[in-house]
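I opened my notebook to look up a helix pair and some charged side chains. Here is what I was looking at, followed by my entries.

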Amino acid sequence: MYQCDEKQKMYLLLTGRGRNPSNRRQQHRAEPDPGNDHGLRSARSDYAEVKCETATGKQWMSVLASVHDESDDDSIASDISWSKLPERALPLNVLVFGFDSLSRQTFARKLPRSLRYLRRGLAGLVLEGYNIVGDGTPQALIPILTGKIELELPETRKRMGERASYVDVYPMIWRDYRAAGYRTGFMEDVAHIGTFTYRLKGFDRQPTDHYMRTYYLAASRYFSYFKNLCVGGVPRHSVMLNHIRAVFDRYKHQPKFVFGFHGELSHDSYNDIGLADDDLLGWLKGLKEAGHLNDTLLILMSDHGHRFAEIRNTLQGKQEERLPFFSFAFPAWFKQLHPQAYANFVWNTQRLTTPFDVHATLSHLLDFRGVKDGDLNDRGISLFDKIPIERTCADAFIEPHWCACLAWEEISVERDAVKEASRYLVDFLNSYTAEHRDVCAELRLAEVLWAARLIPTKGILNFKKSQDKDGFVAELSAKTRVTSELYQVKVRTSPGNGLFEASIAHQVEKNVFSTKITDISRINKYGSQARCVENSLFHLRKYCYCND
């Protein structure tokens, strides 16, 4: 694996299994070993800084990643086995992989092929009401990993000097999995802005069995020598994906908990993440084809929507910031063996959910005592339990300025915007049947019966940024302009007295209305009015009033 050409000499290795928690790098020498297929005497490390030199003095240097083979270390291997799991633990690996700053909508826009495969090929479930509980990555990941917010945990901020503890004091969920008999891994790139090392003090001891910060501390010095976003001929996001796959290959028959989080592509760019779609798709397919997903709960996720792109200055951007992508994919057998738990999970995809719920779910996996109806008094409700439909942001511990829930305000049907939206709706219906005007009559607006407008919370409109360095205190001085509005209207048309209800978007500055046929409902019976199309043009039945 780490091997120079036979005409070259490899003379230096800097290695570190990951046991350099914050900003320290360990150094060990490793001598070439002709009897080793990898070309060197094995060091106990996942990562190696390799330097090769030819007889003419030409050099090649890079940092390589693999998974150290511990099969000969009985002290480490003996406690890692499916047979060692607690009696009530579900026999599932847990693989969490996330990209920074992707709303649910951005994931759909920029990673469409991966999302399609997740849904169709893996029967993935996407949480459509997943709402953040704070500002930035730490406030997104800390509740997932600990079940608490940063303010409830011991002080770990660097600037607090001697008062600050290392992040080792946090009750990380991977510790529970390690104690239960799992291999563990935490992989995160962009070491200079790491979740637990940028503002916080970092780890004093390696937090998981495999810890990729070591790699990125060593490799980042070489990035400027390669093409943008690559290490040699490999995209840097693929380096992490490949390393996670290597962990699963190495421990195929042992329980694993791995959390990977990639920030470089998407943290500062709205569009670059699209470059990863094919690679992510290939990675997902590869995991499935290798059988790894037969016993794995796969969680694809993000921490929040974009915070630095221009879109954040719009109401749409603020909404998306609060609604990151979060999904789960179970092995096929889970649905058969645990039908109620799976049914509750499906139900919960349409409920208000938070990082606290994800932590409760991860804990539930290790102590699966069946399922129940969720309690609104619990801040975190396992997604295997049924979350009450009446749950509010206050119930879920979401502050008002982070709450993405919207309310419908009933408004007068005499408003100009309502009249325009209603006329647009009838025009849209006529355009849908225009090609069949010989059989379908042109509809006219007879009456506007009801109208409502979707209104955002004042907290979202007024939120500008966090006042403090830690993202705890909100500055609510923004005066966000509303550039788009969403209306619901109910109208009666003639001939035929058809009743239609529709959602219609209004671009305020351009005064442009839009809708989709799927956003329009016929709410009274059409009966024989559509007899001319009911057999041949059935998609027009709700909207066509036959001329004959």
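**Salt bridges, then a helix pair**

I started with glutamate 155 and arginine 157, whose side chains meet in a salt bridge with an N to O distance of 2.8 Å. A reminder to myself, since this is a predicted model: local features need pLDDT of at least 70, and side-chain atom pairs count only at pLDDT 80 or more. Next I asked how accessible each partner is. Glutamate 155 has a relative accessible area of 22%, so I noted this residue as partly exposed. Arginine 157 comes out at 14%, which puts this residue in the buried class, as the limit for buried is under 20%.

Next entry: arginine 236 and glutamate 264. Their side chains form a salt bridge too, at 2.5 Å from N to O. I looked up where the two sit: arginine 236 belongs to helix 7 (residues 236-250), while glutamate 264 is in the loop between strand 10 (256-262) and helix 8, so this pair ties together parts that are 28 residues apart in sequence. Arginine 236 is buried, at 7% relative accessibility, whereas glutamate 264 is partly exposed at 26%.

Then I turned to aspartate 278 and arginine 113. They form a salt bridge, and the closest N and O atoms are 2.4 Å apart. Which parts does this pair tie together? I found aspartate 278 in helix 8 (residues 277-289) and arginine 113 in helix 3 (residues 112-120), so the linked parts are 165 residues apart in sequence. Both ends got an accessibility check: aspartate 278 is partly exposed at 48%, and arginine 113 is partly exposed at 39%.

I also wrote down a network of salt bridges that links Arg88, Asp367 and Arg369. How many salt bridges does the count come to? My tally says 20.

**Helix 4 and helix 12**

Last, I looked up how helix 4 (residues 137-146) meets helix 12 (residues 355-366): their axes come within 7 Å and cross at roughly 30°. Angles under 35 degrees count as roughly parallel, so I logged helix 4 as roughly parallel to helix 12. The crossing is right-handed.

Which residues meet here? From helix 4 I listed Ala140, Pro143, Ile144, Leu145 and Thr146, and from helix 12 Pro355, Phe356, Val358, His359 and Leu362. Sorted by class, the contact has 8 nonpolar residues, 2 polar ones and no charged ones.

Notes: Residues numbered from 1 in each chain as written. Heavy atoms only, no water. Axes fitted to C-alpha atoms, helices over the stretch in contact; angles between N-to-C directions. Helix = DSSP H or I, 4+ residues; strand = E, 2+ residues; numbered from the N terminus. Parallel < 35°, antiparallel > 145°, perpendicular 65-115°, else oblique. Left-handed = near helix turned anticlockwise from the far one by under 90°. Contact = heavy atoms within 4.5 Å. Nonpolar A, V, L, I, M, F, W, Y, C, P; charged D, E, K, R; others polar. Salt bridge = Lys/Arg side-chain N within 4 Å of Asp/Glu carboxyl O. Buried < 20%, exposed > 50% of the residue type's maximum accessible area, 1.4 Å probe, protein only.
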